Amino acid sequence: MKIAVVGATGEVGRMMLTCLEEFRVEAQLDLFASERSAGQTLYFNDESIRVQKLEEDSLKQRYDYILMSAGGAISKSYAPIAAAAGNTIIDNSSAWRREQGIPLVVPEINGSELKGYSGIVANPNCSTIQMVLALYPLHLKYGLSKVVVSTYQSVSGSGHKGIATLEKQRQGIDDDGIYPERIDLNVIPQIGAFMDNGYSQEEDKMQYETQRIMSLTELKICATTVRVPVLYGHSETVYAEFEREVDVCEAASVLAAAPSIKYHDNTYFTPIQLGKSNDSHVSRLRCGVDNHSLAFWNVGNNVRLGAATNAVRILLKHRELNA
Ligand SMILES: NC(=O)c1ccc[n+]([C@@H]2O[C@H](COP(=O)([O-])OP(=O)(O)OC[C@H]3O[C@@H](n4cnc5c(N)ncnc54)[C@H](OP(=O)(O)O)[C@@H]3O)[C@@H](O)[C@H]2O)c1
């Protein structure tokens, strides 16, 4: 298989290589980044690969898959060129997520949308992926009607520059960095710009994408997204209401049996424990305000599950359905 990774030197791009290795995807890779990183060497299955500068013609050749994580502007201009050449592109940016006709996929939930499809596939927002993986099996059992979520999102969610900002501030280096406020020793209730309705862009993404992935356009959902001084791993408090009566023990069994979920009973799980986990971790499951509601704590690795892992799972699902 021939795969191109665009944005290969970034937080997500490097993890793409790791995930392709871990999921034993046998491929010949072409790696692309900006002029800044052209000529750098990255490794895939112990083989050294030179990073190339992304150019107008780079994606006109035929690949089995193109994994893109170089930001929305690059996706907007290069993904259509790659698609016109007959390629299937799995894009990590938010550039195509609202486009009708472009599937927005978490394979465990709506992977069937990939059957017979070629072109651009949108990889959802990181905080959305880990949450919908937990909500979907509960929805199938009880009928989801309302969600209230608050997030605690790590600085790696903003890529290299987010990590560098936290590290410099922690070392006492005077650096404004990329956030609207100091992030070290602080929390910031703003991710992305604010819109006219008072919600931030990240909150809007979580609300829209959750409805779309689960095909629940009428779902009531309210998100508050917050940046915290954690390096890797997004955490979320999720409160969910259901049409049918819930039973906490039964809901725990549903989650324990669900794909890509790791359920923790009688304990809780924190982002520093994530290591190489590709799962969405659910703990502190309890009854909400009545017997039609549940509350839980949810943790996932934003660079893996929230980006690279889901992208590689899309690739594998697409290949399986279209073999
Ligand atoms: N980090 C996360 O948790 C996460 C989760 C989900 C989705 N995403 C999305 O994934 C994308 C990448 O995020 P990231 O965290 O990996 O960012 P990052 O660490 O800043 O990396 C950005 C990558 O894009 C490349 N790039 C930038 N400008 C380019 C250009 N003009 N031409 C070609 N390549 C260019 C960079 O190459 P250079 O090395 O040459 O600068 C680098 O490889 C973003 O759209 C982000 O929203 C990120």
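Domain bounds here come from an automatic or database domain assignment. On that basis, the shell around the ligand draws at least three residues from each of domain 1 (2-124 + 307-321) and domain 2 (127-301). The coordinates are a predicted model, in which local features need pLDDT of at least 70 and side-chain atom pairs count only at pLDDT 80 or more, while totals for chains, interfaces and linings use all residues. Residue numbers start from 1 along each chain as its sequence is written.

**Stop 1: the whole chain**

Display the protein as a cartoon. Its secondary structure comes to eight helices and 14 strands; helices (H or I, at least four residues) and strands (E, at least two) are DSSP runs, numbered from the N terminus. The radius of gyration is 20 Å, close to the 20 Å that the globule rule gives for 323 residues, so the protein is as compact as a globular protein of that length. That radius is taken over C-alpha atoms, and the rule is 2.2 Å times the number of residues to the power 0.38. Along the principal axes, the C-alpha trace spans about 60 × 55 × 40 Å.

Of the 323 residues, 47% count as buried. A residue is buried if 20 or more other C-beta atoms lie within 10 Å of its own, exposed if 12 or fewer, and partly exposed in between, with C-beta atoms placed from the backbone. Two residues are in contact if their C-beta atoms, placed in that way, lie within 7 Å. Among contacts between residues at least 6 apart in sequence, 66% join residues at least 24 apart.

**Stop 2: the ligand**

Of the 29 residues around the ligand, Gly7, Gly10, Ser34, Ser37 and Gly159 come nearest. Helix 1 (11-22), helix 2 (72-84), helix 5 (160-170) and helix 8 (304-321) each supply at least two residues of this shell. The largest share, three residues, comes from helix 1.

Colouring by class shows nine nonpolar, 17 polar and three charged residues in the shell. Ala, Val, Leu, Ile, Met, Phe, Trp, Tyr, Cys and Pro count as nonpolar, Asp, Glu, Lys and Arg as charged, and the others, Gly among them, as polar.

**Stop 3: the nonpolar cores**

Next, select Val5, Val6, Met16 and Ile66, the residues with the most contacts inside the largest nonpolar core, which has 80 residues. Such a core is a set of buried Ala, Val, Leu, Ile, Met, Phe, Trp, Tyr and Cys residues joined through C-beta atoms within 7 Å. Helix 4 (residues 126-142) gives the most to this core, with 10 residues. Both domain 1 and domain 2 contribute at least three residues each to this core.

Centre the view on Met16. Leaving aside neighbours within four places in sequence, Met16 is in contact with Val5, Leu67, Ser69, Ala308 and Ala311. Another core, of five residues, lies apart from the largest one and includes Val155, Leu166, Tyr179 and Ile183.

**Stop 4: where the domains meet**

Colour domain 1 (2-124 + 307-321) and domain 2 (127-301) separately. Their C-alpha centres lie 24 Å apart, and 13 residues of domain 1 are in contact with 17 residues of domain 2. On the side of domain 1 that touches domain 2, helix 3 (107-110) and helix 8 each supply at least two residues. Helix 3 provides the largest share of that side, three residues. By class, the residues on that side divide into four nonpolar, five polar and four charged.

**Stop 5: individual residues**

Select Arg98, in the loop between strand 7 (89-91) and helix 3. Arg98 counts as partly exposed, with 14 C-beta neighbours inside 10 Å. The C-alpha atoms of Arg98 and Arg212 are separated by 9.0 Å, although these residues are 114 residues apart along the chain.

Move to Asn45, in the loop between strand 3 (41-44) and strand 4 (47-50). Most residues other than glycine have a negative phi. Asn45 is not a glycine, yet has a positive phi of about 50 degrees. Asp46 lies in the loop between strand 3 and strand 4 and has a positive phi of about 65 degrees although it is not a glycine. Asn45 is partly exposed, with 13 other C-beta atoms within 10 Å, whereas Asp46 is exposed, with 6.

Finish at Cys249, in helix 7 (residues 248-256). Cys249 counts as exposed, with 9 C-beta neighbours inside 10 Å. The C-alpha atoms of Cys249 and Cys287, 38 residues apart along the chain, are separated by 9.9 Å.

How values were computed
A residue is near a molecule or strand if its C-beta atom, placed from the backbone, lies within 6 Å of it.
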